[in-house]
Amino acid sequence: MDQEPLKGVQTAGHRVQVIDVIGPEPLPEPTPRPPEPPPLPPTDPLGTRLREIARLAPPDAVLRDRIANHHRRIAAAITRAVAGDPEFAALREPQAIAAQTRAAHRRVLDTPALRDAWNPWFDALRTLLDDERFAGRLDDPTDYARLWNWIALSLTETTDQPSSTQR
């Protein structure tokens with residue numbers, strides 16, 4: 001940003017404070033919108049495992065939707081990178097995908113308490129990703145895009161469902 005930010009604005013007898021938010025730049029919104037991802041496999045072991053992991057996330061539907069939306073946006077950006085869009089070229093590398101995902105999580109879960117509440121989900125997801133990489137199912141960016149969409153779907157599908165450890 002080249003302009004100096006506003007410090008406050010006076011309107012109709014009220015003072016409005018403008019706050020600058022500092023952090024990593026969010027991904028630009030991919031346009032045009034990529035095709036809808038394949039549905040989460042209903043009985044496939046990966047689909048079952050993603051749903052179990054999603055149940056470890058806190059039940060806050062708003063935060064789950066925000067995390068899911070970030071995963072969808074990153075998946076769409078990966079799809080653009082695979083299609084050759086130079087704006088998203090970095091997302092052809094797993095390290096860049098992980099960095100963007102971490103930055104998105106930090107933007108949504110902006111306090112240590114929120115991040116701590118999501119730690120069981122993060123830990124289980126990290127284990128799943130390691131298992132998928134070791135099994136050779138995360139070989140290229142398209143695999144990541146598909147999995148990121150499935151992670152998003154699993155979070156929104158399992159909102160308000162108790163985990164097997166909470167029953």
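**Basis.** I worked with a predicted model, in which local features need pLDDT of at least 70 and side-chain atom pairs count only at pLDDT 80 or more, while totals for chains, interfaces and linings use all residues. Residues are numbered from 1 along each chain as its sequence is written, and side-chain values use heavy atoms, with hydrogens and water left out.

**Entry 1: helix H4.** I took helices as DSSP runs of H or I with at least four residues, numbered from the N terminus. H4 has 23 residues, and from its first C-alpha to its last I read 30 Å, close to the 33 Å expected at 1.5 Å a residue. The expected span is 1.5 Å times one less than the number of residues. I then looked for a bend, defined as the angle between axes fitted to the seven residues ending at a residue and the seven starting there. H4 bends by about 50° at Trp118, and Pro120 follows within four residues. After H4 comes Gly136, whose phi is positive, near 80°.

**Entry 2: burial in H4.** I counted a residue as buried under 20% relative accessible area (1.4 Å probe, protein chains only). The buried residues of H4 are Trp118, Trp121, Phe122, Leu125, Leu128, Leu129 and Glu132. They pack against H1, H2, H3 and H5, contact meaning heavy atoms within 4.5 Å.

**Entry 3: aromatic rings.** I searched the whole structure and found three aromatic pairs. Rings of Phe, Tyr and Trp (its six-membered ring) pair if their centres lie within 6.5 Å; planes over 60 degrees apart count as edge-to-face, under 30 as stacked and the rest as tilted. The ring centres of Trp118 and Trp121 lie 5.2 Å apart with planes at 90°, so I recorded this pair as edge-to-face. The two residues are three apart in H4, and about one helical turn separates them. Trp118 is buried at a relative accessible area of 0%, and Trp121 is buried at 1%. Together with Phe122, Trp118 and Trp121 form one aromatic cluster.

**Entry 4: helix H5.** I read 17 residues for H5 (141-157) and a reach of 24 Å, close to the 24 Å expected. H5 is mostly covered, with twelve of its 17 residues buried; among them are Tyr144, Trp148 and Trp150. The buried residues of H5 pack against H1 (45-54), H2 (61-82), H3 (94-108) and H4 (112-134). At the start of H5, I noted a side-chain oxygen of Asp140 within 2.8 Å of the backbone nitrogen of Thr142.

Definitions and conventions: Buried means under 20% relative accessible area, exposed over 50%, partly exposed in between (1.4 Å probe, protein chains only). A polar contact is a pair of N or O atoms within 3.5 Å; within protein, one must be able to donate a hydrogen and the other to accept it, and residues adjacent in sequence count only if both atoms are side-chain atoms.
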